[in-house]
Amino acid sequence: MKVGFIGCGNMASAMIGGIIKNHLCAAADIAVHDVSLAAMERAKTTFGVTLAEDNAGVLAQSELVVLAVKPQFYEDVIREISPNVQDGQVIVTIAPGKTLAWLAETFGKELPIVRTMPNTPAMVGEGITAVCPNGNVSPEMLASVLKMLGGFGKAEVIPERMMDAVVAVSGSSPAYIFMLIEAMADAAVAEGMPRQQAYTFAAQAVLGSAKMVLETGKHPGELKDMVCSPAGTTIEAVQVLEETGFRSSVMQAMRACAKKSRSM
């Protein structure tokens, strides 16, 4: 499998690292181009990938082409590369708000396109990527894309109508979790714990709790109840979170995130 990346920021770097670590293809079989020479040099130094002189050079060397630029640059990049897309190449996108219909119209021709939404935990091999192929993507093509995405976490095929919800629940949500960890650590520091140790305890608690949800299959509410002993410390904290609108704040934030995704 030969993979190309147009753009080489944090998300592309996370994807490349996972692909190489899991031996899905050799570093030399990954072609990269970015407008930033510094980003290209980092990719070369860190991963040993092949640097392309331009975006057309990426297409010339790739079976799967990942558009890893910011959403506001998608239209310009697509119009630039459209004449160079070869038969059988699969275009993989990672931008919120760019629908399959919009992508097809912008390319101006029938192509296999897979719309995805990864998240930054891909950088540590724990990403979750939503996958939505168009009608031109064969089962073999989809299998190749899923294999690539599996190199840095989990990947699941979803209907496109769910993509804005995915942006809110996984694409953007690491930021919410980082804020939670930071707030938990701040409170621990206020109680006398050294800051670095506070970050470790808070982050490990989040990691362990997430694994419990995934591995036990129990409802999150049931797991919460297991921690809340009668007249105990945890139920006191839960009561304060309920009083101050913790759940509502999270839900409102996610609804705002999804709304923004739809408007991009």
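1. Two strands count as paired if DSSP finds at least two bridges between them. Helices (H or I, at least four residues) and strands (E, at least two) are DSSP runs, numbered from the N terminus. On that basis, Ile-128 stands opposite Lys-154 in β8. Five bridges join β7 (residues 127-133) to β8, and the two run parallel. Val-131 has its place opposite Val-157 in β8.

2. A word on the basis of these points. This is a predicted model, in which local features need pLDDT of at least 70 and side-chain atom pairs count only at pLDDT 80 or more, while totals for chains, interfaces and linings use all residues. Residues are numbered from 1 along each chain as its sequence is written, and side-chain values use heavy atoms, with hydrogens and water left out.

3. The sheet is open and has eight strands. Their order is β3-β2-β1-β4-β5-β6-β7-β8, with mixed pairing. β3 (50-51) and β8 (153-157) stand at the edges, each with a single partner strand, so one side of each lacks a neighbour in the sheet.

4. Contact here means heavy atoms within 4.5 Å. Axes are lines fitted to C-alpha atoms, for helices over the stretch in contact, and angles run from 0 to 180 degrees between N-to-C directions. Helix α4 (residues 74-81) touches β1 (3-6), β4 (64-67) and β5 (90-93). The direction of α4 makes about 150° with that of β4. Helix α7 (residues 163-171) touches β6 (113-117) and β7. The direction of α7 makes about 40° with that of β6.

5. Next, the other pairings. β4 and β5 pair in the parallel sense over four bridges. Val-65 stands opposite Ile-91 in β5. β6 and β7 are also joined by four bridges, but run antiparallel. Here the bridge partner of Val-114 is Pro-133 in β7.

6. Burial is set by relative accessible area: buried is under 20%, exposed over 50%, partly exposed in between (1.4 Å probe, protein chains only). In β7, five of the seven residues are buried. In β5, Val-90 and Val-92 point one way, Ile-91 and Thr-93 the other. All four are buried.

7. Thr-93 lies in β5. Its relative accessible area is 0%. Leaving out residues up to four places away in sequence, Thr-93 touches Leu-67, Tyr-74, Leu-103, Ile-113, Val-114, Arg-115 and Thr-116.

8. Trp-102 sits in helix α5 (residues 100-107). Beyond its neighbours within four places in sequence, Trp-102 is in contact with Tyr-74, Glu-75 and Ile-78.

9. Finally, the second largest pocket. A pocket is an open set of points on a 1 Å grid over the protein atoms alone, where a 1.4 Å probe fits, with protein on both sides within 12 Å along at least five of seven lines; lining residues have an atom within 4 Å of a point. This one holds about 760 Å³ of space. It is lined by 31 residues, with Ala-68, Val-69, Lys-70, Pro-71 and Ile-94 nearest its centre. α1 (10-21), α7 and α12 (246-263) each give two or more residues to the lining.

Terms used. Points joined across faces, edges and corners; volume = space filled by probe spheres on them.
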